[in-house]
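Below are a few numbered notes on its pockets and helix packing, to read alongside the model.

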Amino acid sequence: MNDSKTATTDQAAQPAPRLIIDLAAIQRNYAALQRLAPSAQVGAVVKANAYGLGASRVVPTLADAGCRTFYVAHTAEGREAREALAGREADIFVFNGFWPSELDSLREARLFPVINDLHQLHQLRELAPDLPCAIHFDTGMNRLGLGPNGTQSLLDNPDWLAGLDVRQLMSHLACSHEAAHPLNARQLERFCAVRERFPDIPASFANSGGAMLDARYHFDILRPGLALYGGHPAHDCDDPFVPAVRVEAPVLQVRTIKAGDCAGYGAIFTADHEMRIVTVATGYADGLLRACGDGGFGRIGGVKVPIIGRISMDLTTVDLSAVTAPVAPGDWVSFLGEDIEPLARAAQTITYEFLVRLGLRFDRVYLPGAPAAQ
Ligand SMILES: *Cc1c(COP(=O)(O)O)cnc(C)c1O
């Protein structure tokens, strides 16, 4: 049989994985966005529980960094963000539109709906003209917002906005991760045409990828999500964003396997030489996507340790071949961090999806950010 060691030496280690969320890194990313777009205000998209990192901690952290405008997808997320602000002033916009059934909730938490079609616009005029709002123009993504006909009708009837408290005009880029994509310029041109007609209303166009485009894309308020959380929004250039999240999981067992031995479910991995492997206490139940087993890796003391075999629900096996230092049960293996992009690629997905799937089972450890400047 294979050798194995059990955790007799390090009884202090908790045999559970933890998710380390670096709030100071999120603040550094916020400051980096501000440097990229010095003439704009930087807002923050905190939908989906701040991309899985925990809105109740991320929202006040960003407020400390100077953020005064937040965006969420759902009204319930907006309520959570409002609570997290604990009385600090900030505007919170709800992307998913104006739904009269939510009017009381919107008012109670002082949330501003983003108007996505003319029907919503007229309902708002009828039911709550005093409620601050944003208007979303779909300039080519064909996902959400006033399409070409709705936009034209509004431009033909600008008085529809009379008496409304429109705080932002917005649009969303479909291809901002690809600077040279021709749709970027086309969307910009269409958004500028709308903006010209309402020059006094602040405009918001750029998500994280848009922040990396030239200043014409920045307008008055940026709307980044991914970059704040350490993702890399542009596929074809470097960016200043630092990792904000990593997984640390303890080694449960170390073993040596021989050529011809296999590892894990389905026996899809077979060793072609004698090798040391370790079994780590994290798996797809924690959000370490099963698909990233093929090509994914963790790190021990900074050294890459490739994942071998299938990731299981609670366990992952890695190859220790590159590690010269001794490794024992209770030692930590880290995942994600600076490697989030290659791991997402190995799982054939994007950093966004990796982040929002990080599981609820983790012990979450928040490294503190800086308090607000006085
Ligand atoms: C999610 C979202 C964003 C943030 O995009 P990132 O690419 O994460 O920066 C901005 N605007 C809208 C409308 C969104 O849905």
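How many nonpolar, polar and charged residues are in the lining of the largest pocket?

1. By class, that lining has 18 nonpolar, 13 polar and five charged residues. Here Ala, Val, Leu, Ile, Met, Phe, Trp, Tyr, Cys and Pro count as nonpolar, Asp, Glu, Lys and Arg as charged, and the others, Gly among them, as polar.

2. A word on provenance: the model is predicted, so local features need pLDDT of at least 70 and side-chain atom pairs count only at pLDDT 80 or more, while totals for chains, interfaces and linings use all residues. Residues are numbered from 1 along each chain as its sequence is written, and side-chain values use heavy atoms, with hydrogens and water left out.

3. The largest pocket holds about 790 Å³ of space. Its lining consists of 36 residues, with Tyr51, His172, Asn207, Ile350 and Tyr352 nearest the centre. Two or more lining residues come from each of α2 (47-51), α9 (208-212), α10 (340-346) and α11 (351-356). On a 1 Å grid over the protein atoms alone, a pocket is an open set of points with protein on both sides within 12 Å along at least five of seven lines, a cavity is a set where a 1.4 Å probe fits but cannot get out, and lining residues have an atom within 4 Å of a point. A volume is the space filled by probe spheres set on the points, which are joined across faces, edges and corners.

4. There is one cavity of 30 Å³ or more, and the largest cavity has about 40 Å³ of space. Lining the largest cavity are His136, Phe137, Asp138, Thr139, Met141, Arg143, Leu144, Ser171, His172 and Gln187. They divide into three nonpolar, five polar and two charged.

5. Turning to the helices (DSSP runs of H or I, at least four residues, numbered from the N terminus), α3 (residues 55-64) packs on α4 (residues 75-85) at about 55°, with axes 8 Å apart. Axes are lines fitted to C-alpha atoms over the stretch in contact, and angles run from 0 to 180 degrees between N-to-C directions. Ala55, Ser56, Val59, Pro60 and Ala63 of α3 make the contact (heavy atoms within 4.5 Å) with Glu80, Ala81, Ala84 and Leu85 of α4. Seven of these residues are nonpolar, one is polar and one charged.

6. Helix α1 (residues 23-36) also meets α3: their axes come within 9 Å and cross at roughly 50°. Leu23, Ile26, Gln27 and Tyr30 in α1 meet Arg57, Val58, Thr61, Leu62 and Asp64 in α3.
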